[in-house]
Amino acid sequence: MKFVIVLAALFAVAIAAPADVEIVRYDNDNIGVEGYKFGVETSDGKKHDESGQLKNVGTEQEGIAVQGSFSYVGDDGQTYSVSYVADENGFQPTGAHIPKLPKI
């Protein structure tokens, strides 16, 4: 259910883009009860690809594991890219512009 909400929110964001921005790619493969996969790209250079899979089905540890990436062109003209995993360990983004936390 959560992935349907996430997918709907992302679709709403894509629709809310300024009128001069067009969706140039939209893929939604494998959307089902136990997982999903989608990708969207807009004419202003934004891209987002994501997939999620239900893990530990039927157990108390049941949850969804998500992996994906997105990129966009910043106000400075530079393209910023983020890859991420979201699972039982939380949201874990990586990107060249994201500061690294010190090891504890």
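Which strand supplies the largest share of the lining of the second largest pocket? The answer is β3, with four residues. The model is predicted, so local features need pLDDT of at least 70 and side-chain atom pairs count only at pLDDT 80 or more, while totals for chains, interfaces and linings use all residues. Residues are numbered from 1 along each chain as its sequence is written, and side-chain values use heavy atoms, without hydrogens and water.

**Fold**
- The chain contains one helix and six strands, where helices (H or I, at least four residues) and strands (E, at least two) are DSSP runs numbered from the N terminus.
- Along the sequence, these elements follow the order α-β-β-β-β-β-β.

**The second largest pocket**
- A pocket is an open set of points on a 1 Å grid over the protein atoms alone, where a 1.4 Å probe fits, with protein on both sides within 12 Å along at least five of seven lines; lining residues have an atom within 4 Å of a point.
- β2 (35–42), β3 (47–55) and β4 (63–73) each supply at least two lining residues.
- Residues in the lining include Asn30, Tyr36, Gln53 and Val85.
- The lining has four nonpolar, six polar and two charged residues; Ala, Val, Leu, Ile, Met, Phe, Trp, Tyr, Cys and Pro count as nonpolar, Asp, Glu, Lys and Arg as charged, and the others, Gly among them, as polar.

**Burial**
- Of the 104 residues in the chain, 20% are buried (under 20% relative accessible area, with a 1.4 Å probe and protein chains only).

Key. Buried means under 20% relative accessible area, exposed over 50%, partly exposed in between (1.4 Å probe, protein chains only).
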